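Colleague: I would like to go through this model term by term. Tell me what each label rests on.

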Amino acid sequence: MLSRPLFRFVRDDKRIPFMRGRYAGLATSAILSLLSVVLFFAPGLKLGLDFRGGIVVEAHTQGPADFGKLRAALAEQHITAAGIQSFGAPDDVLIQLDMPSSGPQQEAETQQMVDHVRHAVVEAQPGTQVLRADAVGASVSKELFRDGLLALGSSLAMILIYIWVRFEWEFAVSAVITLVLDLTKTVGFLAITRFQFDLVMVAAILTILGYSTNDKVVVYDRVRENLRKYRTMPLRELLDLSINETLNRTLGTSSTVFLAALPLAIFGGHSLSGFATVMLFGIVVGTSSSIFIAAPLLLLMGEKRLRRSKVAS
């Protein structure tokens, strides 16, 4: 005999009428996505080194970094366009520079600039160690940006095909529209928080899309089962029933992933905190959209055809 779980988010006999708020959910999602599109153009995304090109130098100082001395030392080396910031611990410094002008001497000029940075930080704070220095040219950054967008587009296309084959076209179109709305909200979140948009963020967005798709497939599976089981039940009531039946599972899975990503957002440092924070945002958006966006869209597009076809069969 299976024991009952110690904790449930909602009672098994609880029936929440989610579809009553379908228009409010769709309107709110559309407004947030529209605002996110506006934020994409102004102020825009803060492109990382992968997509804008440039030089990044990570250094570890002896004791807390003195940014005044570091900037003065860089200015003495005629490096005035440097962006200096702390990441992780107070003694970790990130220095970002624009790439030298393109030409046959670009590689030599890049290495010379890195050497000047290394000399400047050691002179400003003796004992400083340069941990890494990376450079990405303009042509490479454009190619990486194109490939990142291609990966996102291909992911949405594969999701559309998968859900279309597994369910029916109403399910597939509803899911892809919802995922596009999730994607735009994530872009808006990146524009507001000013996290650098680089290949790591592309990986975060692809992970969010995969998680959100899995969440929607769980709800859609229950909808399909209930379409066969309750042949005369109106689709609106059937969607409410399906969401309530999967609600504990959905919230339980989302909470587990959220709690697993939370320590990375808090303690992950510069390289992981942005990725994990975007993941946390995506988990919340993906879970809520499965209930308040994907299901109402399915109701709008399939209320007559899905119910009629199932009754006729």
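Colleague: What describes the packing of α7 and α8?

Modeller: The axes of α7 and α8 come within 9 Å and cross at roughly 145 degrees. Axes are lines fitted to C-alpha atoms, for helices over the stretch in contact, and angles run from 0 to 180 degrees between N-to-C directions. The helices themselves are DSSP runs of H or I, at least four residues, and strands are runs of E, at least two, numbered from the N terminus. This is a predicted model: local features need pLDDT of at least 70, side-chain atom pairs count only at pLDDT 80 or more, and totals for chains, interfaces and linings use all residues. Residues are numbered from 1 along each chain as its sequence is written, and side-chain values use heavy atoms, with hydrogens and water left out.

Colleague: Is the crossing of α7 and α8 left-handed or right-handed?

Modeller: Right-handed. A crossing is left-handed if the near helix is turned anticlockwise from the far one by less than a right angle, and right-handed if clockwise. The residues of this contact divide into 11 nonpolar, 7 polar and 4 charged. Ala, Val, Leu, Ile, Met, Phe, Trp, Tyr, Cys and Pro count as nonpolar, Asp, Glu, Lys and Arg as charged, and the others, Gly among them, as polar.

Colleague: Why is Ser212 called buried?

Modeller: Buried means under 20% relative accessible area (exposed is over 50%, partly exposed in between; 1.4 Å probe, protein chains only). Ser212 has 1%, so Ser212 is buried. Ser212 sits in α7. Beyond four places in sequence, Ser212 touches Leu179, Asp182, Gly286, Ser289 and Ser290. Contact means heavy atoms within 4.5 Å.

Colleague: What makes Pro296 buried?

Modeller: Its relative accessibility is 1%, so Pro296 counts as buried. Pro296 lies in α9. Leaving out residues up to four places away, Pro296 touches Met19, Arg22, Leu26 and Ile291.

Colleague: Which residues touch the most other members of the largest nonpolar core?

Modeller: Ile163, Phe171, Phe197, Tyr220 and Val223, out of 45 residues. A nonpolar core is a set of buried Ala, Val, Leu, Ile, Met, Phe, Trp, Tyr and Cys residues joined through side-chain atoms within 4.5 Å. α5, α6, α7, α8 and α9 each supply at least two residues of this core. The largest share, 11 residues, comes from α7. Tyr220 also has contacts beyond four places in sequence, including Phe167, Ala294 and Leu298. Another core, of 16 residues, lies apart, with Val57 and Ala120 among them.
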